Amino acid sequence: MSGENRIRELMESIAKAKSALEELKTKGAGIPAAEKNAIRLLGTLNALEVQFHPLLLEEDGTKEG
Amino acid sequence: MSEYWNPVLETLPPNRTRALQFAKFRSTVEWVYAKSRLYRRKFDEAGFHPSQLKSFDDIRKVPLLTKDDYRCQGVDPFPYGDTLCVPLEDVTVFHQTSGTTGTPVYQPDTWADWEWFSECWATVMWAQGFRPSDRLFLPFGYNIFIAYWAGHYAAEKIGCEVVPGGVLGTTERLMKMKELKATAFMATPTYVLGMAETARSELNSDPREWGIKKILCAGEPGALIPSTKKRMQDTWGCPVMDHVGATEVGAWSFECTHEPGGLHVLESMFLVELLALDSDEVIEKPGVPGRIVITSFDRLAQPCVRFDTKDVSMWSERECGCGRTWRILEGGVHGRVDHITKVKGVLFSPVAVEEVVRSFDELTGEFEIIVEKDGDLDRIRLRLEMPPDIEGEAQDELCARLLSNLRWKTQLNFELKREIFGTLPRYALKAKRFLDRRKEAVK
């Protein structure tokens, strides 16, 4: 892992994916094939989100409060 | 490809891990206080509010959660009651605990929670060397107990080929493993040894020749008891690594391929504390036994906050050659607090007996410990299965050596009852080898 830039890029990609999936869920509302799969994909994406927390970007990530 | 599932988190400096844990702990506490009737009630009764969390030390103000707290389940929203933190329609899977320590706990998970659970398992399995080239056989019943469900999904996530071995009997499972040339499997230590015994007796086959490259053990202590680990490794001819998790908690710890003699705590997903055996004092010093208290982060439907597992361990001071900065629990889980008891005034742990019994290669390794009262005095008996090929004086000498070793290890004199080979129960999941009948006598 080459550093904070890479983490930042990953987090930006995750955010974009989340935004796209939220849009998919909204546009697919009422169509189970779209809505249910979008919800499932968002749940899966959550597993990525918890792996890359914003605190990882802070230079001095020692703040407790 | 990195040797770590998440190289950033697994090698993060400890002070940054701690900061991350505090941030996640606070989010979790705020979540459960807002969403769960149980936690709102507990925190209010204890005079605690999430706004009191200003620093890591404030975590100790949060009241402990125990299995007794789950008695509030069974009411609406049925069946989870006061523990549920999400709308019932968001729950996509039900599991429950085995109930070995009392009334089973119901555990709901949303799809996001279930993906989180398999993410934890993926971290564990990647650390144990599971890779897309593995054909993983799961000799598991696929039922309401959580057991290896998440291991199945994590293995798929990693890219392994998963062979579900549910429903089949032990012999059929072994035949399928051999037929498909499985490279790995998961089971409790009891079943790992049981499967090997069946392979030899029913299939007349030596499991060491099957090409199994790794075994993940979970569900009960054993893989970190040196003699049990050696017995499993010798029997199957491959590394055997421990993983400890719990239905209410998640997959919170693992032994890596470097086998450091303990369990790495998955510190990015959980906060693990050790509390004194007889008080709520937090233990930070290595080498001091304490009971394991765990908070799970990022599990939304029914998180556990400072859940007292009643399991015992101690921090290690060693660093692992794997390079992970996550702390290690020395020797893994040593046993249950309620199994660590005084017998004849001496502190006793059943794990010590397993260590001695399994160090004798001549023995089958099957045993049972019974503690009971004889008037006012404690009596401790060991039922021990005898090997079929050792009799007479040779058996007497074996038993004498065993009792001597037990006396040295535990400071106790055991009454030995020799049992015929095959008469003690074989378990497919957790073994029940310790029976303390003194408590029944009191009732």
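This is a predicted model: local features need pLDDT of at least 70, side-chain atom pairs count only at pLDDT 80 or more; totals for chains, interfaces and linings use all residues.
Q: How many residues of chain B are in contact with chain A, and how many of chain A with chain B?
A: In this model, 27 residues of chain B are in contact with 21 residues of chain A.

Q: What is the area buried between chain B and chain A?
A: The size of an interface is often given as the accessible area lost when the parts come together. Between chain B and chain A that area is about 1,900 Å², and carbon and sulfur atoms give 60% of it. Val8(B), Arg16(B) and Trp111(B) supply 29% of what chain B buries against chain A, more than any other three residues.

Q: Which elements of chain B give two or more residues to the side that touches chain A?
A: They are α1 (7-10), α2 (14-35) and α4 (111-127) of chain B. The most comes from α2(B), with nine residues. By class, this side of chain B has 14 nonpolar, nine charged and four polar residues.

Q: How many salt bridges does the rule find across the interface of chain B and chain A, and how many residue pairs in polar contact?
A: The rule finds zero salt bridges there. Polar contacts across the interface are found for eight residue pairs, both residues at pLDDT 80 or more.

Q: Turning to chain B itself, how many residues of strand β12(B) are buried?
A: A residue counts as buried when its relative accessible area is under 20%. In strand β12 (residues 290-296) of chain B, seven of the seven residues are buried, so the strand is largely enclosed by the rest of the structure.

Q: In which sense does β12(B) pair with β10(B), and in which sense with β13(B)?
A: In a regular strand the side chains alternate between the two faces of the sheet. Here β12(B) pairs with strand β10 (residues 270-275) of chain B in the antiparallel sense, over six bridges. Phe270(B) has Ser296(B) of β12(B) as its bridge partner. With strand β13 (residues 307-313) of chain B, the pairing is also antiparallel, over four bridges. There Val293(B) stands opposite Asp308(B) of β13(B).

Q: Is Glu248(B) buried or exposed, and where is its place?
A: Glu248(B) has a relative accessible area of 4%, so it is buried. Its place is in the loop between β7 (240-246) and β8 (250-254) of chain B.

Q: With which side chain does the side chain of Glu248(B) make a polar contact?
A: The partner is the side chain of Lys67(B), at 3.2 Å. Leaving out residues up to four places away in sequence, Glu248(B) also touches others, among them Tyr70(B), Thr97(B), Arg299(B) and Phe307(B).

Definitions and conventions: Residues are numbered from 1 along each chain as its sequence is written. Chains are lettered from A and ligands numbered from 1 in the order in which they are written. Side-chain values use heavy atoms; hydrogens and water are left out. Contact means heavy atoms within 4.5 Å. Buried area is the accessible area (1.4 Å probe) that two parts lose on being put together, summed over both. A salt bridge is a side-chain nitrogen of Lys or Arg within 4 Å of a carboxyl oxygen of Asp or Glu. A polar contact is a pair of N or O atoms within 3.5 Å; within protein, one must be able to donate a hydrogen and the other to accept it, and residues adjacent in sequence count only if both atoms are side-chain atoms. Ala, Val, Leu, Ile, Met, Phe, Trp, Tyr, Cys and Pro count as nonpolar, Asp, Glu, Lys and Arg as charged, and the others, Gly among them, as polar. Buried means under 20% relative accessible area, exposed over 50%, partly exposed in between (1.4 Å probe, protein chains only). Two strands pair if DSSP finds at least two bridges between them.
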